[in-house]
2 protein chains.
Amino acid sequence: MPTILFKPQNRKVEVETGINLLDAATRAGLYIEGDCAGKGSCGKCRVKVGRGDFGTPTPAEQKHLSEKELAGGWILACQNKVNADCVIEIPIQKDACRRKTTLAGGVEQLVAEPLVEKKAVKLKRPAVKDQTADLERLLLELEQPQLQVKPRELVSFPRLLRENSFEVTAATAGGRLISLEPGDTTDQLYGIAFDIGTTTIMGSLLDLRTAEVMAVSALTNPQNAFGADVISRINHASKGIEELNQLQGKVIGAANEIIKDLLRRTRISRERIYEIVAVGNTTMSHLFMGIDPTYLAPAPFVPVFQRALEVEAAELGLSINPAGRITFLPNLAGYVGSDTVGVILAAGLDLNDGKNRAAIDIGTNGELVLAAGGRLMACSTAAGPAFEGAQIKQGMRAAAGAIEAVRYSEDDITCSMIDDQPACGICGSGLIDAAAALLEAGLVLPGGRFVDPEKEPDKVPEHFKGRFKRQKGGYHFTLVPADQSDTGEDIVITQGDLRELQLAKGAIYAGLIILLKEAGIGEEDLDEVLLAGAFGNYVRKESALRIGLLPKLPLEKITAIGNAAGDGAKMALASISLRNRAVSMTGMVEHMELSTRPDFQEIFIGAMGFR
Amino acid sequence: MPTILFKPQNRKVEVETGINLLDAATRAGLYIEGDCAGKGSCGKCRVKVGRGDFGTPTPAEQKHLSEKELAGGWILACQNKVNADCVIEIPIQKDACRRKTTLAGGVEQLVAEPLVEKKAVKLKRPAVKDQTADLERLLLELEQPQLQVKPRELVSFPRLLRENSFEVTAATAGGRLISLEPGDTTDQLYGIAFDIGTTTIMGSLLDLRTAEVMAVSALTNPQNAFGADVISRINHASKGIEELNQLQGKVIGAANEIIKDLLRRTRISRERIYEIVAVGNTTMSHLFMGIDPTYLAPAPFVPVFQRALEVEAAELGLSINPAGRITFLPNLAGYVGSDTVGVILAAGLDLNDGKNRAAIDIGTNGELVLAAGGRLMACSTAAGPAFEGAQIKQGMRAAAGAIEAVRYSEDDITCSMIDDQPACGICGSGLIDAAAALLEAGLVLPGGRFVDPEKEPDKVPEHFKGRFKRQKGGYHFTLVPADQSDTGEDIVITQGDLRELQLAKGAIYAGLIILLKEAGIGEEDLDEVLLAGAFGNYVRKESALRIGLLPKLPLEKITAIGNAAGDGAKMALASISLRNRAVSMTGMVEHMELSTRPDFQEIFIGAMGFR
């Protein structure tokens, strides 16, 4: 069996002959960027051959790699099978959430009102005159004779009692016994809130007595191996129960990795974690629960369930207390999931405060909520994951080396990168900034087209001319030249990238217009626009306004609220009242299905232009 | 590895060198009689060497086998390790419940009032104008919006709906969804009642729509390998979680074998079995649920739980519908289990009909119930498994070749055997009959001693003298001579056997006297004595009265009611009202702990004599 050495991680893995490099990296626990699940269509899984021979380039490689790159030993991981020992370089480990601040929540103060209750009791020892069974003895003392108890909780209970002088602590929730523990453990009461993103999974460990966030941990969603978007994953899951289980296994596995990391950092034992509250889009909720998502993909986009599902940790294989309760907050529609419930909860949009407020959550998908005139409406937009770098030639997620900001000033266009690393691609905020800067410099026209430096030479200042290059898809503009980049290649924004951006931002803006139309108000009537999601934290509001992603409003009416979906999950975990609010959300929110509205196409086309 | 051929079953098994023959037989799926779990103390696991050499007899073999037997190649399976190929004869496969009638219940008519409900629905197809999720669509049609649903039930639900034109059947029970099925399956509604005996496990498959018993199947409880009595099994389980799991695995495995047999015979699929209701003694309930029974053994004999435990089939690994509900009826005390609840239910002892009624259930243990003056009392007696042949020199269970009846008439003592096979031992009813016949013939004195044919020759008729033999433990009396027996040995009743019988019957009778004393009535005030258990069906009432096992009452006041514990399980399965009666039984029954009563010893000694 050939051995592969991955650098710079120095991770060695032995694989069977014929496996492709993408799968080999997964086996080695490494993540190689990519959006198309190994189809060869995205061209992002580029790696460099350190030692080994992979033959002549495939058509996909010829399409996505330049001659210089090919000559330099660059290949696409998905296109190459391992037949002999080799050394492969993955130059930048593109892992999610390198920016620490991504982990910070926007909620000032969480309210502690835990569902799980603990009570320490000292029982009277049994005697011939008092042969009451151990369990009934406990229930009498707890004053909960009707408590539901599973046999599993009792397996070692008699020994636990007798080895601890009949002093034990019982954890209960919703009329059920969750845990029996030695002595007094009432000071240990923990839970984890999960935000199951299509791209990133994030977990926050809370002390449920105080609602304090004790640790946060995140991982790339390893379902990524089956495609960056939910549709690819639905397609995979719909192939059969085995594939469905595979996708569920990936997300549960990642959640367990996060749990392990949280426990390691806080020194808390898994048995003391009694609850998990999770949010995610509707597809993620289905895959997390192992439920066939097939019919989410075609119209009429029907989920299998809408309600908040509850299940025991042991049934899902989650490594907390086996009787721990897992609650996935409810779905609102096929493409408006509990992540949006989280946003509504965190932003208090359901509180009907008399103001007209819109929330825009841009993750791998885009969801919109409008609270106006006592109504609460939501819709999803087919924005696609362009803001996370997919469909963008050199797009990448917000990791080290990503161009995150682009400025036009003093007649120059300059870039800054995450962690001040040499540029290796462009992330969502960088893309919006770049478009805004190019518009500002007059190098892109409001319709979205690059000015043509050959046909309209007077419109392009001389010092920019060298940064334009023509390819078959049209011009592209160099943001960072090859000699300053990490890859040794120019980092560019292409005409195709601009079109993708227009489609994405047009979809979002059109969705908002339709919600406003339904509510009978105009853009100008909005009191506040909230930008949720990590993206909302990093996008420059000025740029977003410049390219027409957001309605024409004064800057001060636009507020970034961070990862509101994740904050909602934390709030629902911390407080049972808030959770009940979230659980009953399905009855309050009107879902607008945009795809079949006769007016959508026209509004969408109108929304695509840059201002 | 040596190979053993077991005859007459012709079962070959390859084992590692050094394993003993008892374990080797278990590996081969064969059961060798025995009560002491391989300790060498009961002397029952006798097998004959067909080919092979097992060296000189061990002390245990010298104690339990005659010289003639040793010379004939008989050995004790537990005493011999396999070091080379051999042929071993297990002359009679002593399997439980050879008598077909053992399987018949005593309940005339079961009432059908099932807990599980089924409803077939045809749902409206979803559309863009009606994107209601599949589950919510179903719940609306079922008019059960609050129904509890586990993710597992939804895994393939969307496909099920669409492949069956949105026509499905939902099975629900107690506010929970149990099963989603294609089309209309409302005519398929089944459950199984289990009687988990220490010695025998019996299952009855019921059509829950009609309460008709469709098939019955039974197996020897394979926990037998760890001892015939509950104490041996408690001792094994208390060694650790692995041993506990081992015992649980045995009983669950046997239950699954029975389920398989029931399904095979009725052609019903396992998914259509929605419920199991089980009864058994308290130790069995603990081992079935996998709960540590350690503290049942020492005083104060405290069970871990008393209430009826409920659990999902999947959690116990029972092969019915994975969401099927398993209910083990409640324990009354450490040695009065749900089998007694079953007896009370089947006999209607909880109905307070104004009569004084006693029920005696003799299985591997003996339990007594007295309904008198509006009170319901129960106790257990340390009768031991003598009535199932344990502690009796040639005792065996009621299988082919067991002496089941002994008569004294025309000045002779004659025996009849089960299935008219040559005698190979004596079972409980035969033992009582034998004692009664010997008393009748004047060969045993009321104190329990054989007359001495040497010292009191005039008390023994001449033709009986040849049937007396003297050994170190006292005389024994030949019931069936060697030339007519199956083993080539005399089948005898020994002085020791008579003592064991006195202990057993004395314990039961003493228990009854104490219950009567508590109720403030005398034997003569009893309106009815019910004999429960297979034993009750086969024991001759005249003989039981003759030896003083039962109170002095006219024969017509004594009624055998068959396997009332199992009947109670069937009733509780068939009818939710009856089950609720059983579940609430713990609050009604007063448990009398005999072992620590100051008056017990005296009453017990008084109760030991034959009349």
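What rotation superposes chain B on chain A, and with how much shift along its axis?

1. Basis of the note. This is a predicted model, in which local features need pLDDT of at least 70, side-chain atom pairs count only at pLDDT 80 or more, and totals for chains, interfaces and linings use all residues. Residues are numbered from 1 along each chain as its sequence is written, while chains are lettered from A and ligands numbered from 1 in the order in which they are written.

2. Relation of the two chains. Chain B is brought onto chain A by a rotation of 180° with 0.1 Å of shift along the axis, at an RMSD of 0.3 Å. The two copies are thus related as by a two-fold rotation axis. In chain B, B:Glu315 has the C-alpha nearest the axis, 4.7 Å from it. The superposition is by least squares on the C-alpha atoms of residues with pLDDT of at least 70 in both copies.

3. The interface. Chain B gives 37 residues to the contact and chain A gives 37 residues; two residues are in contact if their C-beta atoms, placed from the backbone, lie within 7 Å. On the side of chain B that touches chain A, at least two residues each come from helix 4 (134–142), helix 5 (151–154), helix 6 (157–163) and strand 13 (309–312) of chain B. Helices (H or I, at least four residues) and strands (E, at least two) are DSSP runs, numbered from the N terminus. This side of chain B comprises 23 nonpolar, seven polar and seven charged residues. Here Ala, Val, Leu, Ile, Met, Phe, Trp, Tyr, Cys and Pro count as nonpolar, Asp, Glu, Lys and Arg as charged, and the others, Gly among them, as polar. The copies meet through the same surface, because 100% of the interface residues of chain B are also interface residues in chain A.

4. Helix 4 of chain A. The buried residues of this helix (residues 134–142) are A:Asp134, A:Leu135, A:Arg137, A:Leu138 and A:Leu139; a residue is buried if 20 or more other C-beta atoms lie within 10 Å of its own, with C-beta atoms placed from the backbone. Their cover includes strand 6 (117–122), helix 5 (151–154), helix 6 (157–163) and strand 7 (167–173) of chain A. Just after helix 4 of chain A, A:Glu143 has a positive phi of about 55°.

5. A sheet in chain B. Five strands of chain B form an open sheet in the order 2-1-5-3-4, with mixed pairing; two strands pair if DSSP finds at least two bridges between them. Strand 2 (11–14) and strand 4 (74–76) of chain B are the edge strands, each pairing on one side only. Strand 1 (residues 3–7) and strand 5 (residues 86–89) of chain B run parallel and are joined by four bridges. Within strand 5 of chain B, B:Val87 is the residue opposite B:Leu5.

6. A sheet in chain A. An open sheet of three strands in chain A has the order 21-22-23 and antiparallel pairing. Strand 21 (468–471) and strand 23 (491–494) of chain A lie at the edges with a single partner strand each, so one side of each has no neighbour in the sheet. Four bridges connect strand 21 of chain A with strand 22 (residues 474–480) of chain A, and the two run antiparallel. The bridge partner of A:Gln471 in strand 22 of chain A is A:Gly474.

Methods
A residue is buried if 20 or more other C-beta atoms lie within 10 Å of its own, exposed if 12 or fewer, and partly exposed in between; C-beta atoms are placed from the backbone.
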